[in-house]
Amino acid sequence: MSQYVFQQIINGLALGSLYALVAIGFSMIYGIVRLINFAHGDLVMIGAFTTLALVGYGVPWPLILMFVLLVGALAGMTIEATVFRPMRGAQQVTGFIATLAVSIVIQNTGLMILSGQPRNFLFPAFMRQRVQIGTVSASLTDLTIIGLTVVLIALLLVIVYRTRLGTAMRATADNLAAARLMGIAVNRTILTAFAIGSALAAAAGLLWGGKFGQIDPLLGFAPGLKAFIACVIGGVGSIGGAMLGGYLLGLAEVLFVGLLPPQFAGYRDVFVFTLLIVILLLKPSGLFVRHVEERA
Amino acid sequence: MAVQMLEVHDLHVFRGATHVLKGISLDVREGEMAALIGANGAGKSTTLQTLSGLLRPRSGTAVFRGTSGPVDLTRAAPERIVGEGLVQSPEGRQIFQSLSVAENLAMGAYLRTDRNEVRRTLERVHDLFPILKERASAAGGTLSGGEQMMLAIGRALLAQPRLLLLDEPSLGLAPQMIERIFDVIATLKQQGTTILLVEQNAAMALDIADRAYVLENGVITLSGTGPELAGNDRVRRAYLGMAQ
């Protein structure tokens, strides 16, 4: 494999990892409360700035990661408990508008406190070196993003599919009324879904800063939108679908740019979104969902 | 003197602006099977949802004799009500379609911490419904309607009910399957489970119930023993499809 193609694939996997981390939480939240949460991307921004602040205080990186996960979880839980919970049972469009409002509040609070000036965000110097693998090489940053994402997703899958709390979360997402009749305190399982999903988004923020080198208070918009698209591609509400949709989207974006003639490179979204339309025409419920039932 | 398991007095429940239950009173005694029969829309499911704490009444009382003492069903949270032993198998089965049969049953035992006891209950459920053991790893949604009904009842049993609420267990099932399900319900009663059975299928319900209530437009219009009601002219005409 040529170094060029390998580099593109690694690039795509790294970008796909970021999308997947955000998309999984997006999908979990939709799955459990049927809420398209446009504030979800802003957790990426919160994670990125939390990281920046802690780096400033000289906190070691493993601790920063723990702390970012915690801040993300607390932020997600706060939003759910104070804004979304009181609206539960209202029309879907009410919740949707509320998520947009929360997103704008977070972004503008960020602008007020932090100013719109982009900040430099750097992983430690050794992260920028390249790792030789046989005849090809990859940046340690990209490999770290991919590796850490795999670990976080594995952890998530264990929680969701192997623990009592995870099963209760899936039961709540599957049939909320029945879950209540089984004695599941559904507000707690919903809170847990927000905590886990938001923690993953915040972790994506840590990695996002490392990959792109600059952060600003409005950076959450792009990952939020991309996560939404990844979910639609993979099948909204499915964790596996969101993950695969994220990787597919990341790879598609990078490969379109990398493999098309250079004059098309600036228009990658044309190709990405054409692909999205084709997928939706062929499989409206998403690529990785076998069947979809609309819950009343 | 039989002990009251459930006492409901003058319960009024609204759904939005609609006055669905207009002051119903009923009771269920320990060890008996009571039935609540009535046409579609009479308020049967509303009654059960209120007892499970999913709906709040406008006025009236509903007291359940739970594991730790009397529980005010008009105030207690649904999870507390389940924990105290009032467990419902809801209308339309409402199993978790995407969870495996084993996970569905595990969710029934969600509030229980005594693993050995839970395993014993699971064995009992497997004895009642061997198919649930055979298909333990199948997704709930792949079961047939009858199997899903068995799963719904099995799941409720795993919560160790002192009082089991069964909402329309015959709904949408083939006659043979209905008979099997009612056999199981009769067995449960023999084994000492107190049951409140809600049914449109009045003939089957009156056949196995000790006592029954007739609910019409949110009001209880008749009550008595199963045989009394089965012999009542009005019941025969309206619910048992017998011309006079």
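In chain B, a hairpin joins β4(B) to β5(B) through two residues. The model is a predicted one. Strand β4 covers residues 59-66 of chain B, and strand β5 covers residues 69-72 of chain B. The two strands pair in the antiparallel sense, over four bridges. G66(B) stands opposite G69(B), which lies in β5(B). In a regular strand, side chains alternate between the two faces of the sheet.

**Where the chains meet**

Chain B also touches chain A. On the chain B side, 19 residues are in contact; on the chain A side, 18 residues are. Together the two chains bury about 1,900 Å² between them. Of that area, 61% is on carbon and sulfur atoms. Which residues of chain B lose the most area to chain A? They are F96(B), M107(B) and Y110(B), and together they account for 35% of what that side buries.

Polar links cross this interface too. Five residue pairs, both members at pLDDT 80 or more, are in polar contact between chain B and chain A. Two elements of chain B each give two or more residues to the side that touches chain A: α2 (78-83) and α3 (101-108). By residue type, that side of chain B divides into ten nonpolar, six polar and three charged.

**Salt bridges**

Over all chains, the count comes to 17 salt bridges. One salt bridge is found across the interface of chain B and chain A. Side chains of opposite charge can pair when their charged atoms come close.

**Annotated regions of chain A**

An unreviewed UniProt entry lists "transmembrane region" for several stretches of chain A, including residues 136-161 and 190-208. How much of residues 136-161 of chain A is helix, and how much is strand? The chain there is 85% helix and 15% strand, with the end C-alpha atoms 37 Å apart. Over residues 190-208 of chain A, the figures are 100% helix and 0% strand. The end C-alpha atoms of that stretch are 26 Å apart.

Note on methods: Residues numbered from 1 in each chain as written. Chains lettered and ligands numbered in written order. Predicted model: local features only at pLDDT ≥ 70, side-chain atom pairs only at ≥ 80, totals over all residues. Heavy atoms only, no water. Contact = heavy atoms within 4.5 Å. Buried area = accessible area lost by both parts, 1.4 Å probe. Salt bridge = Lys/Arg side-chain N within 4 Å of Asp/Glu carboxyl O. Polar contact = N/O pair within 3.5 Å; in protein donor to acceptor, adjacent residues only side chain to side chain. Nonpolar A, V, L, I, M, F, W, Y, C, P; charged D, E, K, R; others polar. UniProt positions renumbered as here; feature names shortened; annotations may be inferred. Pairing = 2+ DSSP bridges.
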